[in-house]
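Trainee: I am new to this structure and would like to learn how its features are read, one after another. Could we go through them slowly together?

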Amino acid sequence: MNAALLETRGLCKSFGAIEVAREIDFRLERGARHALIGPNGAGKTTFVNLLSGLLRPSRGRVLLDGEDLTSLAQAKRVKRGIARTFQINQLFHGLTVLENVCIAVAERLGAGGSMLRPAGRRRDVLAEAVGLLETLRLEDDAGRRVHELPYGRQRLVEIAIALGLRPRVLLLDEPAAGIPSAESHIILAAIATLPRDIAVLIIEHDMDLVFRFAQRITVLVSGAIYAEGSPAEIAANRDVRAVYLGSAADA
Amino acid sequence: MSRSEPALALPAARTLAARHRVKWWEALPWLAGIAAFFFLPSYLAFGTQVLITILFALSLDLVLGYAGIVTLGHAAFFGAGAYTVGLLAAHFGWKEPLSGLVAAAAVAGAIGFASGYVLLRTRGLALLMLTLCTMAILQESANVAASYTGGFDGMPDLTFAPLLGIIPFDVLYFRSQYLYALVVLFVCFVVVRMLVYAPFGQSLTGIRENVLRMHAVGAPVHARLVIAYTVSAAIAGVAGALFTQANAFVNLATLGLDRAAGVLIVLILGGYGRLYGAFVGAIAYMVLERALANAYPTAWQLGVGLTLMAVALFARNGIFGLADALRRRLAAPGSK
């Protein structure tokens, strides 16, 4: 078996006496379309935070392409190729959509600290940011401030920023959360057009989206991996139906 | 710039690509500064104080307005610069003004770097307290080292050498001092303007707007903040040095909370995060203060206080913010 692109070994995290991640051994293959599901409070976002470096694990390791990232801060992991979106938008709300994406692209190109030339002269940054907005059909909103946009459009800006980092691994934390169902197809379309070489891990409660998107599904319950397999295997798993799909159906 | 360039296909991209360009109205403050030299000769000493305050407020704008670093201790760097030229002139015979400014910038910048490296790991109230503490430590050090600094009395009757060895320079020469301050302000302004329109300045704005996201795009947030803080401290140090040179004295008030709070008020009054807020705020605040002090010698501070309360209540983003709101209202006559 080839080495996975992103891998965790025995990953644990506790806040005081509460264990939110228990011995998680997880593999994300190259170009994967992988979904992480589980009931509320299962530790899905915590797991993404551990992968992205927002949180440090209590024990265990995070490896990208065999390199141990466990001790690296978030910003350094971004440079290695791990990008994420947040469950609740984390955008530069007072800036325009284009500026939001430009900041991400400039950082990736190592231009973010440059002091002498005006940002407007970095046409490479501008061109790439404009290209991303066009891919995500955001070009008409390019000059608007993010806080003026409807929430669904803001979710797309989250994705645009993450793509501006040209990640090898993209972690999407509930990309369709908070969006009216009439608009969620826009997010779906955006996810469907993600470059094939990016490995994507998506947390999502919308089972339609999960089963349409994922080639592999991991079920997390109480901070531990409960089941893992292809969508068909997970759908047929009676235990999973009991703890998750069943409870979701009841709710 | 041509529209055929693919990067500039969108209007928003053209706006962004042209934002750093100098607009015609940016000449106005400098023309006004030169006009004041010719038409208000009896106010030049006051004008020099205004220019110094503008420079100090501009340095604060870089950290507060752009990077979102809330500080109550910015006078630490103003005072460090002020004492640097004072000590050099009084004890080391280093009296040349221009090189004194460079020394002041270096000392204030070094203090900014050292303190910023530690305290910029914190945010919010902790940061506010630590900036205040930095200033208090410096002020008390200046107080205790009385044999060098004159302690509470400060250092009066400082003398400075002719500027560049040619232009006479002391309190009696306010004309040359005014022009000197104007040129120094201009040079520092050009530096700050360059920084805020560079990708560096954009990244500071990003940190102000959302520090969590800035980490998540891979930016070295702490390093950026420390650099901004250091540059800002150096410029504040230049302002302090100008103060000592123009007044021929330095005392503990240059390191005091009154001065730190005053510059904060000036910047908020003018509007922060927009470069020219420092200009408008300093002029408005100091002219108001002077007019009220002349009209009501005993109760003028009450008038300043009431005016500031009105600004805080009705013009949250300062005078520039008020102007923006007016312009928006005029542009959209149908809406209220």
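Trainee: How many residues does the contact take from chain B and from chain A?

Mentor: Bearing in mind that this is a predicted model, the contact takes 41 residues from chain A and 34 residues from chain B. On the side of chain B that touches chain A, helices H1 (11–18), H8 (174–197), H9 (199–209) and H10 (211–216) of chain B each supply at least two residues. Sorted by class, that side of chain B has 21 nonpolar, 9 polar and 4 charged residues.

Trainee: What is the order of the strands in the open sheet of chain A?

Mentor: In general, strands of a sheet pair through backbone hydrogen bonds, in either a parallel or an antiparallel sense. Here the open sheet has 6 strands in the order E6-E7-E8-E3-E9-E10 (chain A), and the pairing is mixed. Strands E6 (82–84) and E10 (224–229) of chain A each have a single partner strand, so they stand at the edges with one side lacking a neighbour in the sheet. Within this sheet, E3 (residues 33–37) and E9 (residues 216–221) of chain A pair in the parallel sense over 4 bridges, and His34(A) stands opposite Arg216(A) in E9(A).

Trainee: Is helix H11 of chain B largely enclosed or left open, and why?

Mentor: Helix H11 (residues 221–247) of chain B has 27 residues and reaches 39 Å from its first C-alpha to its last. Because 24 of those 27 residues are buried, H11(B) is largely enclosed by the rest of the structure. Just after H11(B), Ala248(B) takes a positive phi of about 60°.

Technical notes. Residues numbered from 1 in each chain as written. Chains lettered and ligands numbered in written order. Predicted model: local features only at pLDDT ≥ 70, side-chain atom pairs only at ≥ 80, totals over all residues. Pairing = 2+ DSSP bridges. Contact = placed C-beta atoms within 7 Å. Nonpolar A, V, L, I, M, F, W, Y, C, P; charged D, E, K, R; others polar. Expected span 1.5 Å × (residues − 1). Buried ≥ 20, exposed ≤ 12 C-beta atoms within 10 Å, placed from the backbone.
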